[in-house]
Amino acid sequence: MKPKATAEVVATQKSQNVPLSQSQAVHRGKVKYEKKAESEFFVDNSALAGFTGERILYMAVRELIENSLDSCESSHILPRISLSLKTLEAANDLWMITCEDNGIGIPADKLPIAVCSFLTSGKYVEKQQRGLFGVGLKMIAAFSTKDTDHPLKVWSKSSEDGSEHYFELRTDISTNRPIVLIKKQLKESEGKISGESGFRIEAILRARLSPITKGKIYDYISQTSVVNPYAVLEFETDEGKVVFERRTSVMSEPAKEVLPHPADMDLKTLKKAIMNFMNQKTTLQGVLSESFQKMSGEKAKEIIANAGLENKLADKYNEHELIKVVNICKQTKFHMPNTDHLSPIGEEILTAGMTSVYTIITSRSEEASGGNGEPSQPQISVKVLKPSLTGYSSRTCVINNRPTIVECGIAYGGDISSFKLYRFANKIPLLYDEGSDVAREVVSEVEINKMGISKKEVKEQFANPDAKSDRAVELLPLHIFFHICSTKIPYKTAGKESIASEGELKRYMKACLSDLYRKVSAQIRKELRMKEAQSRLNLYKYYIPLIVGAISESVSVDPKKLEETFTELAEKHVAGEITGQPLKEKEDEITGQRLEKEVEIDGEIIKRDKNQIAINAARRKGAKSKPKNKSVQTTLDAVMQKKKVK
Amino acid sequence: MPVTDKRHQEVVKKIKQIMKDVSTDLMLERTMPVLDVPKVGYDNTVWSEEKKMLTIGDKVVKISPDSTKKIPTFTQYLVMANAVRRLLDEEMESTIRGMYYATLSTVGDEKNKQKFWRGQDDSDDAIKAIELLTGVPREEFSVTSKPKGMISGPITLRVGGDIIDCNLGSRATSQLIPTNIRDVEIVNVNADFVMVVEKDTVLNNIRKSGFIQKYNAILMTGSGEPDRATRMMVRTLNEEWKKPVVVFADADPWGLGIALRYKIGSESLSYDSDRLVTPNAMVLGMMFSDIYQYQIPEVARLAASEEDINRALDMKKKPWFQDKQWQKELDLFLKRKEKCELDAFFKHGFKYLAEVYLPQKLRQAGVI
C-alpha cells in the first residue's frame, strides 16, 4: 500500500504546480521635475553625511567635537571642550546634547546661516581639515527641527563681536534657511561663556543608543584625546563625567590653504582660477603661475606654447583652448607638491598622546545597588594606560598628486595588556570598518620578526586566552597608531571610515611600521629574557621550599640558611645564564671566598680545603660520576644477594 | 625483627647520605647538586652471557636543579626519599599508590598553581629512582604494589607471624603471593617441581583437574606481566630450594616475552635482575610448532598482527635467542603468521591441557 500512497502525494503536488502569471501591470505616468533645497536633500539622504539611524548620536558627537577643535586650532587656542550627552525623555528617545568650547566663536550676523544652512562653510578651500564640508552642524539642526519641537540653543562669543549672543534657531528644511526664534545680545552677567571667546550649542535629538554605538562614542572621545593631547576634553553622560586632561601645551601648526598642483588641474579648476582674476587684465601665464603651485612664470609660458596657444588675457580663451592647457599640464612633469601646508600630529604630540592613552571604563558600583534588587547604575571613569616604551616614525609622500604624510606610532608594554590598532585620518579617529582598512593590511603584512622575535616565541610567551585573534602580533601588549594626513584622504567608501590602499600609501605605511618594530625590538627582547628569567626564578621559588623541607626533615641542617644559599645560588644561576657569562668562574670565586667556612649537617662539621675544592671542580668538569656514595651500581649490591629466604 | 630493622637503618642511612650530599653541594661548595641516577631502559640494558640474564649498563641520568626542566624531577626525588624515610621511621608499610597519596601537594602560588605529581606514574618513577639511588629494592623499604601473583601446591609460607599452607584447598583455590616480601618466609616445600603459567584462567583449569596432587607440583602465575614478588618467589624456589621450574605461556611473541621475564629478566627491571631472574627456568610451551603438532583447529588460531611480526623479528636478533630450536620456532611463526593461546586446548576437551598436553611436554623435558 505504501508505494501507492507516495505516488498519490507526488501527483497532488504536481497538479498544484500552476505556472506563474505575469499579472503585475506596469503603471506609466508623467515625470515631475522639481528642485530640492539642499537641506531637504541632505535630510532625505542623511546617510551621505553618516547620519544613519543607529549612528545619529555618534555623528553628532563627532561633528561637534571636530568643529570645536577646528575652531580652537585655527587661532592657536589650547582647546577646552565640554560635551554632554544625556537622556531628556527616555520614553520618546529624546537626548540632549550640549557642546561648549573656547574657540573663536561665530560672528552673530553669520551665525544662523552657519548653523542652519547646508553647504555654507569656511572650509571650501584646498586644505587639510577635519570637517565634512559644512554639513555636520546643519544636520544636527535639521534633525532637531525634523524630530522635535525644541529649538536649537546657541551661545556664541566671537572675537569679532566681543560680546556674547544667544540664539534659538530652527531650520526651514524646505528652503535651507534658518528660522531665528530668538536673537539677543547678552549682558556680561547673563553670559554662559566665561572665556574671551567661545561657542556653546544645545540640541535635542531623537535617537536610539545601542551599547555598541555607546562604546563607539566612548572610543571616539578617548581616541580624539590621543591625537589632541593639548586639549582638555570633558565628557558627561547619564553614567557620570570624565575629564581627559591636557598633557602638553604644544599644538601642531594649523594646516594652511594651498594652491592646487597643476597635475591635478581640470577645466573647472582652471576656469575658477581665471574667474578669480576677472577684470584684472591678467594674462593666462600670470593666472597659471599665481594659481598653481610649482608653476613658475617660465613654466607657464612653456605650457601655453606647448598647447599651441598665444599668451593673451586670461578671459579671452574659449573652453576648447583651455582644455588643451589642461591636457598639457597632465603630460608635463612638475616638482612634487608642497607638504608644508599639512598639519601632521608630530612626534612630540603623538608621543604625549601615546604615553597617556585614556580609556573609558564602565563599572557598576556595588554599593549603589543597595540590595533593593534593582540593577545599579553603571558608572564611567577613565584609566590611563602608560606604556613602557613608545616610538614614532613618519614618511612624506604623494598619493594621487596630493601630498600625504603618514605617521605611525607604537606603544608597548607597561599598562597596555593587549593589542589595539588606532587609525586616524586628518586627526579624526576612524572607528568602523577596520577590517577593510589599509592599516589592517599593513599590520598583517609587516613581519613580526623585525621586532627580533619569532611568532613561536610570541605565542609561547604572550599566550593570552582573551585574545580575539591568534595572529602573533595581536598577542603582544602593543598599540599601533596610524595617522594619514592629506588634503584629500583616499577613503574607501562614502562613510569615510576606512582608507583604501591607494598608490604607494601601503608601502610607506609598511616602511614606518618596520622602523618602529626595529625600534622596539631591543626592548621586547629584553622583556622576553626577563620574563623567561622570572619564570625560571619562580620555578626555583616554588620548588626550593619543598627541597629544603625534604632535606631538613631527613637530616639536621639549618633550613633557613639552606634556603637562603639555595635561593642565592639559583638567582646567580639564572642571572649567569641570562648574561651568558660562564657560571663556573663566578662559582669558583664564591667558593674561593668561602674557603674558611664550614657547615654543620646532621651533627657533622663539614669543611672543605682548597685541595678538596679543586678535586670537586675537576669532578664536575671531567668525571662522569661522583666518587661518593652515589656511585653507580650495575646490579644491586651484594648485601641483597646474601639475604636468604628460609 | 632486629635483622629487618638493621636493613631499615641501612636504607635510612643511604637516604640521609643523599640529603647530606645535596646540602654540602649547596651550602659549602655552592654548586648545583646532581643526582646520578642509573639509566633504566632498552638503551642501558646489557645481556650478560655469564649470568644468562639482562643486566643494567653503566649509563647514568644526571638530575640537577640547574636545568629548569629538571627542577621538578629533582624535587620529586628528594620529596619521595624523605617520604620513604618517614615511612621507615614510623615502621609502616605502604603501596606505591599510598606513597603517591602521602606526597600529594601543589606547587606555586595562587596565580600559577600546579600539581606536584602529574599522576601516579610520576610518583612511581620517583620510587624507582630511590631504589636506583640507594641500591635497595622498594620491597626492602616497605613500599609494595597490589598483589596479583598466585600460588597453589605443597608449599608452606610464613607471612608475618602466620603460617599459610598453600596445599590446603589447592584443588579449589590459590593463594595470593604477598608483595611485602620482607614479611614472607618460605617454611617448607614438598613439591617436585614448579610450574609457572602465564594466566590465572589457565592456572585455575589445571588446578581443578588435580594436577597438583597427581604430579606433586607447585602451580604459580603472575597473572600476565609478573610482579616482583612472583618473580622473586620463582627464583628462590629454584636457587634456594633447588626445584626445577618450567614455564608455559601462550604461543605468541607477547606470551613468549612474559615467559622470558622469569628466565632472563626485563629492561625496565634490569637493575634488579640478580634478585628476580631464574636463568635455569625452562620455557616449555606453548611452542609455535605445538599449534600444528597438537592439531589446534584453525578456528582457535589467531592471525598475527603487524606488531607481533615486528616483535618476532626483533627477538630473532637477540643474543639469548640464538639457540637453533628457538630460531626454528620463530621462523615457523614468521612463516605461518599464526598464534595461539593455551586456552585453545579446551577445544580438545576441558581436561586435555592438564591431562594430555602438559604431561607430554613435561615428560619430554624429563621433569616427570
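Reader: How many helices and strands does chain A have?
Author: Chain A has 19 helices and 17 strands. These are DSSP runs, numbered from the N terminus: helices are H or I with at least four residues, strands are E with at least two.

Reader: What are the ground rules?
Author: This is a predicted model, so local features need pLDDT of at least 70, side-chain atom pairs count only at pLDDT 80 or more, and totals for chains, interfaces and linings use all residues. Residues are numbered from 1 along each chain as its sequence is written, while chains are lettered from A and ligands numbered from 1 in the order in which they are written.

Reader: What's the mean pLDDT of chain A?
Author: The mean is 80, and 80% of the residues of chain A reach 70 or more. pLDDT is the predictor's confidence in each residue, from 0 to 100.

Reader: Which elements of chain A have the lowest and highest mean pLDDT?
Author: Helix α19(A), residues 638-642, is lowest at 35. Strand β2(A), residues 94-101, is highest at 95.

Reader: How much of chain A is buried?
Author: Buried residues are 37% of the 646 in chain A. Buried means 20 or more other C-beta atoms within 10 Å of the residue's own, exposed means 12 or fewer, and partly exposed is in between; C-beta atoms are placed from the backbone.

Reader: What share of the contacts is between residues 24 or more positions apart?
Author: They make up 70% of the chain A contacts with a separation of 6 or more.

Reader: Sheets next. What's the order of the eight strands?
Author: β5-β4-β3-β6-β2-β1-β7-β8 in chain A, an open sheet with mixed pairing. Two strands pair if DSSP finds at least two bridges between them. β5(A) (177-185) and β8(A) (240-244) are the edges; each has a single partner strand, so one side of each lacks a neighbour in the sheet. The twist averages 15° from one strand to the next.

Reader: How do β1(A) and β7(A) run?
Author: Parallel, with six bridges between β1(A) (80-89) and β7(A) (232-237). A:Leu85 sits opposite A:Thr237 of β7(A).

Reader: Which strands does α5(A) touch?
Author: Helix α5(A) (136-147) packs on this sheet against β3 (152-157), β4 (164-172) and β6 (198-206) of chain A. The direction of α5(A) makes about 40° with that of β6(A). Axes are lines fitted to C-alpha atoms, for helices over the stretch in contact, and angles run from 0 to 180 degrees between N-to-C directions.

Reader: And the order of the sheet of five strands?
Author: β11-β12-β15-β13-β14 in chain A, open and mixed too. β11(A) (389-399) and β14(A) (428-430) stand at the edges with a single partner strand each, so one side of each has no neighbour in the sheet. Neighbouring strands are turned by 20° on average, direction ignored.

Reader: What joins β11(A) to β12(A)?
Author: Eleven bridges, and β11(A) and β12(A) (402-412) run antiparallel. A:Leu389 faces A:Tyr412 of β12(A).

Reader: What lies across it?
Author: Helix α11(A) (347-354) lies across β11, β12 and β15 (478-486) of chain A, at about 135° to β11(A). The buried residues of α11(A) are A:Ile349, A:Leu350, A:Ala352, A:Gly353 and A:Met354. Their cover includes α6 (211-227) and β9 (357-364) of chain A.

Reader: At what angle do α8(A) and α9(A) pack?
Author: About 130°, with the axes of α8(A) (284-291) and α9(A) (297-306) 9 Å apart. α8(A) and α9(A) are therefore oblique; under 35 degrees is roughly parallel, over 145 roughly antiparallel, 65 to 115 roughly perpendicular, and the rest oblique. Residues in the contact include A:Leu288 of α8(A) and A:Ile304 of α9(A).

Reader: Last one, chain B. Which residues of β3(B) are buried?
Author: B:Met53 and B:Thr55 on one side of β3(B) (53-56), B:Leu54 and B:Ile56 on the other. β2(B) (45-48) pairs antiparallel with β3(B) over four bridges. B:Thr45 has B:Ile56 as bridge partner. The hairpin of β2(B) and β3(B) has four residues between the strands, and B:Lys52 takes a positive phi near 60°.

Definitions and conventions
Two residues are in contact if their C-beta atoms, placed from the backbone, lie within 7 Å.
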